[in-house]
Amino acid sequence: LPSVDLLEQLGVKRYKVASPDIVNLPLLEKIAHKHKPVLLSTGMANDREISQAVVALGISGVTLLHCVSEYPCPFDHANLNRIAILGHDWQKLPVGFSDHTVEIETGMMAVSLGATILEKHFTLDRQYSGPDQAMSLEPGGLKHYIDMAHLAEQAVGPGVASITGKEMALRGKVRRSLYATRDIAPGEPVTAEN
């Protein structure tokens, strides 16, 4: 609890709640009283625990982060479809991805499944000691990760059912249309034969 007071003194604009604290309701309630946006990692949490945490924080300003609490997380354990499931179950909340994989492609994939925020560990050198070094990206890798996520964001687009201007221009040229196989007299019905 004293960490919230310290963070307030430092003037943080947003809180990040790590997965182990998703069940720490007194901490969540204290953060809620600060009326600031919260990133809530959901690693190791079941749906009931996520629900309790969201209620404790108050639904406004919470972003759920899909997270697999394995360090590093094997690529085949990333369970990225969980992003879409969280988005469906919590339609009023944005969903992101707390990425513990060593790959750089996972961020791009997460964006394509609806992630609006990505969290990725960063290090200046993977050779440093520390528990997060194996899954952390060095500067060049992080730049590539971000660039790929932005490309995915562009490719995903707004998701609305619309026709682009270039498609409209092409429609008249490539779509099938009626044509006459012989002269049709004025008033004569148009049929498959003519």
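Met-44 counts as exposed, at 60% relative accessibility, where exposed means over 50% relative accessible area, buried under 20% and partly exposed in between, with a 1.4 Å probe and protein chains only. Met-44 is found in the loop between strand 2 and helix 3; helices (H or I, at least four residues) and strands (E, at least two) are DSSP runs, numbered from the N terminus. Although not a glycine, Met-44 has a positive phi of about 70°. The model is predicted, so local features need pLDDT of at least 70 and side-chain atom pairs count only at pLDDT 80 or more, while totals for chains, interfaces and linings use all residues. Residues are numbered from 1 along each chain as its sequence is written, and side-chain values use heavy atoms, with hydrogens and water left out.

The loop between strand 3 and helix 4 is the place of Asn-79, another residue other than glycine with a positive phi, near 50°. Asn-79 is partly exposed, with a relative accessible area of 47%. Pro-72 also lies in the loop between strand 3 and helix 4, and a cis peptide bond with omega of about -5° joins Tyr-71 and Pro-72.

Beyond four places in sequence, the contacts of Leu-40 (heavy atoms within 4.5 Å) include Val-17, Ala-53, Val-62 and Leu-65.

Ser-98, in strand 4 (residues 95-99), is buried, with a relative accessible area of 2%. The side chains of Ser-98 and Glu-119 are joined by a polar contact of 2.4 Å, that is, a pair of N or O atoms within 3.5 Å; within protein, one must be able to donate a hydrogen and the other to accept it, and residues adjacent in sequence count only if both atoms are side-chain atoms.

Finally, the largest pocket holds about 270 Å³ of space. A pocket is an open set of points on a 1 Å grid over the protein atoms alone, where a 1.4 Å probe fits, with protein on both sides within 12 Å along at least five of seven lines; lining residues have an atom within 4 Å of a point. Helix 6 provides the largest share of the lining, 7 residues.

Note on methods:
Points joined across faces, edges and corners; volume = space filled by probe spheres on them.
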